[in-house]
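Please consult both while going through the points below.

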Amino acid sequence: MNHEEKFTKLGKISKLYLFFLKKLVVFKFLFRKLNWVLIYGPPRTGTTLLSEIASFESKFMIVDIGLQLMRVFPENSKWPSSSRSSLYNLVYLNLLKNSHEGTWFCLNRFNRPYDFVLKQAALRIKDYNYLVKIFGPPSKIYFCIREPSAYRISHLKKFSQPSHIEDDYLRSLKAYEKIGGTVVDYSCGYSLEDYEIIMFGQRKSLPLEVSHKHYKLKESNLTRVYENFKTKNFDFFASP
């Protein structure tokens, strides 16, 4: 069932409730009182899966909006800081206004502690700083990582951009040094129940299928980087 089908299956009362929730979230935005969750990491490392699961407790979702692209023209045109801030404030407000309901709104309408989940693969540090400035600091942060062999194959299949494979990976690890968060290793082959325990502390029995493709391990420039990252940040890795 896709997003549009889920929404059309909501009754009139649920849609009216959703309308007032959106107004409430926008009102909280004006006072920087938002309660939100950030999910980031290299592309193809489970960020989409985690955002779908996390949205069970979130009113709305904002997914892969390419934050860095919004900065290209203002920065290249050397807009003054005040003009850029004004533009970004309007852009992010518009993102909230046009965000869609959490994936499982049809199942869990009322017990949603978070205002929104924002998922951004390959998040830049500068864009995170803007998010905090405009939305306030996130209540929870999850960083997704994946063993390089599987990551490399999946990235190439999805994007067909070999030159971006290492850059996206290394940039995300560098962002983690500044942003931090709970590390979720997509390489571990966790079940849906495992992810639910990591995200919620208990099982929710979401109607979602989780399957991990297994790839032959192959040494690369990123292998040592991945192993060093695990050793350095072992205490921050989540486990069910």
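Leu30 is located in helix α2, which covers residues 12–30; helices here are DSSP runs of H or I with at least four residues, strands are runs of E with at least two, and both are numbered from the N terminus. The model is a predicted one, in which local features need pLDDT of at least 70 and side-chain atom pairs count only at pLDDT 80 or more, while totals for chains, interfaces and linings use all residues. Residues are numbered from 1 along each chain as its sequence is written, and side-chain values use heavy atoms, with hydrogens and water left out.

**Surface patch around Leu30**

- Leu30 has a relative accessibility of 54% and therefore counts as exposed; the term exposed applies over 50% relative accessible area, buried under 20%, and partly exposed in between, with a 1.4 Å probe and protein chains only.
- Together with Leu24, Phe27 and Phe31, Leu30 forms a nonpolar patch on the surface, and these residues have about 430 Å² of accessible area together.
- Patches are made of residues with over 30% relative accessible area and no salt bridge, like charges being joined within 9 Å and nonpolar side chains (Val, Leu, Ile, Met, Phe, Trp, Tyr) within 5 Å.
- Accessible areas come from the Shrake-Rupley method with a 1.4 Å probe, and for residues only the protein chains shown count as cover.

**Overall fold**

- The chain contains 11 helices and six strands.
- Its radius of gyration is 18 Å, close to the 18 Å that the globule rule gives for 240 residues, so the chain is as compact as a globular protein of that length. This radius is taken over C-alpha atoms, and the globule rule is 2.2 Å times the number of residues to the power 0.38.
- The C-alpha trace spans about 55 × 50 × 35 Å along its principal axes.
- Of the 240 residues in the chain, 47% are buried.
- The accessible surface of the chain is about 12,900 Å², and carbon and sulfur atoms account for 54% of that area.
- Among contacts in the chain with a separation of 6 or more, 82% come from residues 24 or more positions apart; a contact means heavy atoms within 4.5 Å.

**Strand β4 and its partners**

- Strand β4 (residues 114–121) is mostly covered, with eight of its eight residues buried.
- Strand β1 (residues 36–41) runs parallel to β4, and six bridges join them. Two strands pair if DSSP finds at least two bridges between them.
- Within the pairing of these strands, Val37 has Val117 in β4 as its bridge partner.
- Strand β2 (residues 58–63) also pairs with β4 in the parallel sense, over five bridges.
- Phe60 stands opposite Phe116 in β4.

**Salt bridges**

- Side chains of opposite charge can pair when their charged atoms come close.
- A salt bridge is a side-chain nitrogen of Lys or Arg within 4 Å of a carboxyl oxygen of Asp or Glu, and by this rule the count comes to 10.
- Lys28 and Asp115 form a salt bridge, their closest N and O atoms being 2.9 Å apart. Lys28 lies in helix α2 and Asp115 in strand β4, so the pair ties together parts that are 87 residues apart in sequence.
- Lys28 is partly exposed at 22% relative accessible area, whereas Asp115 is buried at 0% relative accessibility.
- Asp127 and Arg71 form a salt bridge with closest N and O atoms 2.6 Å apart. This pair links distant parts of the chain, 56 residues apart: Asp127 is in helix α7 (residues 125–135) and Arg71 in the loop between α4 (67–70) and α5 (72–76).
- Asp127 and Arg71 are both buried.
- Asp168 and Arg171 form a salt bridge with closest N and O atoms 3.2 Å apart. The two are three residues apart in helix α9 (residues 162–179) and are therefore separated by about one helical turn.
- Asp168 counts as buried at 11% relative accessibility, whereas Arg171 is partly exposed at 29% relative accessible area.

**Residues with positive phi**

- Most residues other than glycine have a negative phi.
- Ala122, although not a glycine, has a positive phi of about 55 degrees. Ala122 is placed in the loop between β4 and α7 and is buried, with a relative accessible area of 8%.
- Ser205, also not a glycine, has a positive phi of about 55 degrees. Ser205 is placed in the loop between α10 (192–200) and α11 (221–232) and is exposed, with a relative accessible area of 65%.
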